[in-house]
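Please open the model in your viewer and keep the sequence panel beside it.

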Amino acid sequence: MEEKYIELGRLLKEARDEQGYSRNALATKIGISSTELKRVEDGKAPSLNTLINIVNELNLDIRELLFLADLLKINDELNDIELCNSCEYYCPFCDECTYDE
């Protein structure tokens, strides 16, 4: 598993724990199995839909979360998302992305 997704999973688990959700309760609330949520928390890259559902339920800022997990690059001078070459936006879930780190 990629280290960045391990960090994303750790951050999501930390937020879930801080808000008092059990893994089963959050999984049920967002419509996935607790096994799938455990996989995400253990570092499996989530689908975009799953990530959005988790973030919305936990009331997290997706940009901040992806930045903290090193999955989003913020241009310090412009304070904006850097663009990738193929998608026209930085998407860590895009297989076609040719973003140069």
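What follows is a list of selections, each with a description of what is there.

**Before selecting.** This is a predicted model, in which local features need pLDDT of at least 70 and side-chain atom pairs count only at pLDDT 80 or more, while totals for chains, interfaces and linings use all residues. Residues are numbered from 1 along each chain as its sequence is written, and side-chain values use heavy atoms, with hydrogens and water left out.

**The whole chain.** Begin with a cartoon view, where the chain shows 5 helices and 2 strands, in the order α-α-α-α-α-β-β along the sequence; helices (H or I, at least four residues) and strands (E, at least two) are DSSP runs, numbered from the N terminus. Of the 101 residues, 36% count as buried, where buried means under 20% relative accessible area, exposed over 50% and partly exposed in between, with a 1.4 Å probe and protein chains only. Among contacts between residues at least 6 apart in sequence, 48% join residues at least 24 apart, a contact being heavy atoms within 4.5 Å.

**The nonpolar core.** Select Leu8, Leu12, Leu51, Ile54 and Leu65, which have the most contacts inside the largest nonpolar core, a set of 20 residues. Such a core consists of buried Ala, Val, Leu, Ile, Met, Phe, Trp, Tyr and Cys residues joined through side-chain atoms within 4.5 Å. The elements that give two or more residues to this core are H1, H2 (23-30), H3, H4 (48-57) and H5 (62-68), and H1 gives the most, with 5 residues.

**H1 against H3.** Next select residues 3-18 (H1) and 34-41 (H3), which pack at an angle of about 120° with their axes 7 Å apart; axes are lines fitted to C-alpha atoms, for helices over the stretch in contact, and angles run from 0 to 180 degrees between N-to-C directions. That angle makes H1 oblique to H3, given that angles under 35 degrees count as roughly parallel, over 145 as roughly antiparallel, 65 to 115 as roughly perpendicular and the rest as oblique. Show side chains for Tyr5, Gly9, Arg10, Leu12, Lys13 and Arg16 in H1, which meet Leu37, Val40 and Glu41 in H3.

**Two sides of H2.** Which residues of H2 are buried? They are Leu26, Ala27 and Ile30, and they fall within an arc of 100° seen down the axis, so they line one face of the helix; the arc is that of the directions from the helix axis to the C-beta atoms. These buried residues pack against H1, H3 and H4, whereas the face turned away from them carries the exposed residues Thr28 and Lys29. Just after H2, Gly31 takes a positive phi of about 85°.

Finally, select H4, where Thr50, Leu51, Ile54 and Val55 are buried; they cover an arc of only 130° around the axis, which puts them on the same side of H4. What covers them includes H1, H2, H3 and H5, while the face turned away from the buried side carries the exposed residues Asn49 and Asn56. Just after H4, stop at Asn59, which takes a positive phi of about 55°.
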